[in-house]
Structures are given as C-alpha cells and as structure tokens.
Amino acid sequence: MSNINVKKLINERSQLLEELKSLTQILHGSWVERYSICSRKNCKCHKGERHGPRHYLVINNYGRQRQKYIPNSLVDSTQKGVRQYQRLTDIIDRITCINLELIKERKYGQNEPTVM
Ligand SMILES: [Zn+2]
C-alpha cells in the first residue's frame, strides 16, 4: 500500500472519530410498543380498541434490564438516539477495519497520541 493510501485511511479515521462527538443522543436499547386495557369497565379498550401505543425503551445497563417509558413528545428524539447507537457501532467496525489495514502496513500505533 502506498503512503497516500495510508494517509487516506488515517484521515478517514480522524473524520470518524470527529463524528463520534456529534452522537450526543446515544441510547443503547431496543424499542417496544405496547397496547393496554384500562380499569374502566365500559371503556372501548375492553372491546378490542386498546389504548396505545405506549412506547418503551428496553435498556441493558450493566447487566440489568430496564424498561423506560418514553412519552410521545420524546419518541422522535429517542428513536434518533437509538439510530445514533447503531451509527456508533458502525463507526467502531469501520475503525477496526482501518486499524487492521494499518497493522498490516506496520503503520499502526506509530506517532499517535495514546490514552491507555
Ligand atoms: Zn380503556
């Protein structure tokens, strides 16, 4: 691989790392919609027209699963947060590919600031 291609990869990686900063709404969870029956006896929900959907985000946090109720006004932004998590994992996969290329070229971990 030429030096130019190595430079391209490093540039792409920098852009991806920059993009990570914009993913401020990340939510690692899955989406659940529920329809429910209430306690009012004569309500239409008892005849099949259930209330809902009510939205929940199922979150695995440190090994514990929680369901968080999401009000309708926040459904759009919460869905965006879930998509941002997907983007995060795509970026990690792409950076892994780039770094594997750099390992192959013996250009990995050289002259780079290290955090760990
Ligand atoms: Zn009802």
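Two strands pair if DSSP finds at least two bridges between them. By that rule, an open sheet of 3 strands has the order β1-β2-β3, with antiparallel pairing. The strands β1 (29-36) and β3 (64-70) stand at the edges, each with a single partner strand, so one side of each is left without a neighbour in the sheet. From one strand to the next, the twist averages 30 degrees. Axes here are lines fitted to C-alpha atoms, for helices over the stretch in contact, and angles run from 0 to 180 degrees between N-to-C directions.

This is a predicted model, in which local features need pLDDT of at least 70, side-chain atom pairs count only at pLDDT 80 or more, and totals for chains, interfaces and linings use all residues. Residues are numbered from 1 along each chain as its sequence is written.

**Confidence**

pLDDT is the predictor's confidence in each residue, from 0 to 100. The protein chain has a mean pLDDT of 92, and 95% of its residues reach 70 or more.

**Overall form**

The protein chain has 2 helices and 3 strands. Helices (H or I, at least four residues) and strands (E, at least two) are DSSP runs, numbered from the N terminus. Along the sequence, the pattern is α-β-β-β-α. The radius of gyration of the protein chain is 22 Å, well over the 13 Å that the globule rule gives for 116 residues, so the chain is more spread out than a compact globule. This radius is taken over C-alpha atoms, and the globule rule is 2.2 Å times the number of residues to the power 0.38. Along the principal axes, the C-alpha atoms fill a box of roughly 75 × 25 × 20 Å.

Buried residues make up 3% of the 116 residues in the protein chain. A residue is buried if 20 or more other C-beta atoms lie within 10 Å of its own, exposed if 12 or fewer, and partly exposed in between, with C-beta atoms placed from the backbone. Of the contacts with a separation of 6 or more, 52% join residues 24 or more positions apart. Two residues are in contact if their C-beta atoms, placed from the backbone, lie within 7 Å.

**Helices**

The expected span of a helix is 1.5 Å times one less than its number of residues. Helix α1 (residues 3-20) has 18 residues and should span 26 Å; its end C-alpha atoms are 26 Å apart, which agrees. The number of buried residues in α1 is 0, so this helix lies largely in the open. Helix α2 (residues 75-104) has 30 residues and should span 44 Å; its end C-alpha atoms are 44 Å apart, which agrees.

**Strand pairing**

Strands of a sheet pair through backbone hydrogen bonds, either parallel or antiparallel. β1 and β2 pair in the antiparallel sense over 7 bridges. In this pair, Gly29 stands opposite Ile59 in β2. Strand β2 (residues 51-61) also pairs with β3 in the antiparallel sense, over 7 bridges. The table gives bridge partners from β2 and β3.

| Residue | Bridge partner in β3 |
|---|---|
| Leu57 | Lys68 |
| Val58 | Gln67 |
| Asn61 | Arg64 |

**Backbone details**

Strand β2 includes Pro53. The peptide bond from Gly52 to Pro53 is cis, with omega near 5 degrees.

The hairpin of β2 and β3 has 2 residues between the strands. Tyr62 is placed in the loop between β2 and β3. Its phi is near 50 degrees, a positive value in a residue other than glycine. Is Tyr62 buried or exposed? With 4 C-beta neighbours inside 10 Å, Tyr62 counts as exposed.

Arg106 lies in the segment after α2. Arg106 is not a glycine, yet its phi is positive, at about 55 degrees. With 9 C-beta neighbours inside 10 Å, Arg106 counts as exposed.
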